[in-house]
Amino acid sequence: MGRRTLLKSTAALFGVGGVLASASRPARADHYDSKIHYEPQLDNENLAQLSVQSHKILGDGVKLDFGDHDGYVRLFADDFARVSVTEPGQAEYESPGVANGLDEWDAPTFGAESTSERIVLETESITVDISKDPFGVKFLDADGNVVNEDYLDKGTSGYEGDKPYVYKKTDENEAFYGFGEQPDMGFNQRGEKLENWNTDQYGYGPDSDYVYSSVPFFVGLKDTGAYGIFFDDPYHSVFHMADESDDYYYFLADGGQLTYYFAYGPEVSTVLDRYTDLTGKIDLPPKWGIGLHQSKWEYTAQEIVDTAETYREKEIPLDAMHFDIDYMGGEYNAFTWDPDYYDALQTLNADLPELHSVAVNDPGVGKTTEVNGEPYETYLEGTENDYWVKDADGDTFTAEVWPPEAVWPDFSREEVRSWYASQHDALFDAGIDGVKNDMGEPAVFQKNEKYDWTMPHDNIHGVGEDTIRHEAYHNLYGLDYARAAYEAFEQYKPEKRPFLLNRNLFAGGQRYAAIWTGDNVSSWEHLRLSIPMMLNLSVSGMPFVGCDIGGFVNRPSPELFARWMQAGAFNPYCRNHTDSHRKDELNGPRNQHPWTFGEEVEAISKQYIELRYRLLPYLYNAFKTASETGKPVQQPLMFQFQDDEQTVDIDDQFMFGDDMLVAPVLEKGATTREVYLPEDEQWADFWTDAVHEGGQTITVDAPLDRVPLFVKMDSIIPMREIQQYTGEKPLTMLTLDTYLDEEVSYSFYEDDGETRAHENGAYNVTEFTVSTNPGGVVTFEREHEEQNYDDSELSSYLLKLNRSEAPQKVQAAAAKYTAVDDAETVTETSETYTHSEEQNAVLVHIPADEDNAVRLFFNGQGRGPQGQGKGRGH
Ligand code: MIG
């Protein structure tokens, strides 16, 4: 859908007289037809021509003297470098997106050589070859292959006026990923122009220039492997990724310093690890944060209670209800309560104490001294302390957002962030568990000279000597807003892991908040688009990502909702959220619940939500890994299979964790789907057990209740029984859903799932290994690697060996396990096993304290699981 179609549909939404008449404050549509589009551009006639006049080798790189500028190439690690061009004497810039700046790194060992033409720095992994005149940087791998180099035909990198920029050569097969939050249909961004300017884009589409968050980082993938570039500039930035010519790409910003980081792979995973070493990794979320969340704008207070209760009655798992801005007191006054919603929260907390609640917050603080007949402390204190953002004249900036007149906390100031954090007791004391930060672009209901729907670009942040104009800070406002809210959790809930969800972030925002992709639309196009959008965010260091399942604007058809729920069950962040019913009488039902669309859709929704809950141990472990290495939870295929060229452009499939491949149905009416299975692996169909060779596209059945799902052979998927919410039952039995070919190991991580005790070592890690051995023996072994979480109630493992015939016996050392008739008995009785014809699997109940290897003996012919050259592809 292009912007034009979008305008039409939003006009239809809003143009109907009386539709909004009952709203306490009508939503406004005039920002949707944004006419202003300012875009920084380079004057090609005016590009820099830097040349190195002298240089000095430093302990971690080199300082360059260009005469009118200084330059630095710093080695942060043997595969990680930073290039900066500064005003003479100016310090190198590090944005607040950087968590671990230069001081946190130990310079690698490197050699330095120079000739009249070049300066060459060499580490164990890369060589940085700097040409002096013209100035140019080239990165080579240890074999001397060029990984990345400046394109010098137009001049050197540097500044055009105030605009920092860099031109780079493009290889024929080079692909580009990341760029933060980009509403594009494609995953590979080669040939595209990408912009970063945080903007509230209700009902955005693939033609929107930018949306809510900015991450000026990308991964380049080519024959020599992968590398990453982080252009650490919060100004409005633009990336031209070989859109003008196949020979080069370039990036620029509207101001700021020319500073970029270069991370060498060659694995994509190494690039992301490095990038997130610099900008931070996600916190391991509380388990309830990765269960299902339900939300809607303009639920009545009673509806919030009823919806939660309906989930429980229908036994559809649910972990959290959201309170959208309707709960606020007065005219959307942050940190105050409308009494009805306050009461609803108390009812929920009393009746469903296990259910979590999330409050939506907005940064615009109503300019009012009284709410509910009480002094409005947030406004009064902030005013008394002069904490608000200023206009160009230095007066408090006042404008309309949800409150008719609002002022904005200046989050660039540390004392303002801490004060703002302290306001959250109004939410936490009422019983709120988590926070969703909205509108931090910052969204302002006004048009301006340079940009729409935000503050004027010449507003002022900071105080005294330390002020910057809004355009320099704009893309950081949401990051610092998240930072302030994160501090609220530290102030008020220091033991618990925070749950914070932000719409607006900058690079590095992952260390404070999860992200969702804002006001998408209930359309097939948007379901399709959500996948590359989330994948590119995942490749931008933000693995805790989700989209509004079912779509925000409008209402989905029953079929679309079923398909979206099936796909969305595999979103790292899983929330069903939709727009106010008051906008869409013409477009569908009041709500967008699993039961809104009839029995069939309800059953399908339930099935996939339950599957997510069964997969909780697996999913949680994927989050654990993400928190350690930056590895996406929802991975593009090229992440693990970058050498398989077929995966480079795939944007409608993904890996869920390391071992499950999901190919959601994204087309109306489709009942089959083509699925590409990456090469050099075998793939078991999760539903039928059929095994397919990788390196081919297959067509599989995909009736409405089925999402094509494959498991990589030699995988263990740890699963558990369904719960109605993530903390309902202790994990006592862990199912090890095993797809064995030769040998597989899995390190299983377990902790309390909600406190920060794991940060002090309170966790267990158990390694499971299942292997095929000569003579038809399959061996199961487990080893405790860490055992510091004392409250674990895990007492047994249910080994489910898929695609297997019946073993003749099962034994641990000399102790024989008892063969029983059915799966239920196995589940209930330790040291038993059975073969299930129906599941085509052997089930073995192994006590967790079994120290011996457990052996499954087959007929001695080396058969056992049907993976050893026989019986594939049934
Ligand atoms: O201007 O709080 O993206 O999730 O429901 C609209 C009301 C404000 C936009 C968010 C959406 C939220 C809505 N908000």
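**Ground rules.** The model is predicted, so I took local features only at pLDDT of at least 70 and side-chain atom pairs only at pLDDT 80 or more, while totals for chains, interfaces and linings use all residues. Numbering starts from 1 along each chain as its sequence is written, and side-chain values use heavy atoms, with hydrogens and water left out.

**Ligand site.** The list reads Trp297, Asp324, Ile325, Trp402, Lys436, Asp438, Met439, Arg503, Trp516, Asp519, Phe552 and His577. Then I looked up polar contacts (pairs of N or O atoms within 3.5 Å). Lys436 puts a polar side-chain atom 2.6 Å from a ligand oxygen. For His577 the distance to a ligand oxygen is 2.8 Å, and for a side-chain N or O atom of Arg503 it is 2.9 Å.

**α6 against α8.** Helices here are DSSP runs of H or I, at least four residues, and strands are runs of E, at least two, numbered from the N terminus. I get about 55° between α6 (414–422) and α8 (470–492), with the axes 8 Å apart; axes are lines fitted to C-alpha atoms over the stretch in contact, and angles run from 0 to 180 degrees between N-to-C directions. On the α6 side, the contact (heavy atoms within 4.5 Å) uses Arg417, Ser418, Tyr420, Ala421 and Ser422. From α8 I noted several residues, including Asp480, Tyr481, Arg483 and Glu487.

**α9 against α10.** These two, 524–538 and 558–568, cross at roughly 10° and their axes come within 10 Å. They are therefore roughly parallel. Trp524, His526, Leu527 and Ser530 of α9 meet Glu559, Leu560, Arg563, Trp564 and Ala567 of α10.

Most peptide bonds are trans, and most residues other than glycine have a negative phi. I found a cis bond from Asp133 to Pro134, omega near 0°; Pro134 is in the loop between β7 (126–131) and β8 (136–141). The bond from Gly265 to Pro266 is cis too, with omega near 0°, and Pro266 lies between β18 (258–264) and α2 (268–279), in the loop. Glu298 has a positive phi, near 70°, and belongs to the loop between β19 (293–294) and α3 (301–313).

Methods:
A residue is near a molecule or strand if one of its heavy atoms lies within 4 Å of it. A polar contact is a pair of N or O atoms within 3.5 Å; within protein, one must be able to donate a hydrogen and the other to accept it, and residues adjacent in sequence count only if both atoms are side-chain atoms. Angles under 35 degrees count as roughly parallel, over 145 as roughly antiparallel, 65 to 115 as roughly perpendicular and the rest as oblique.
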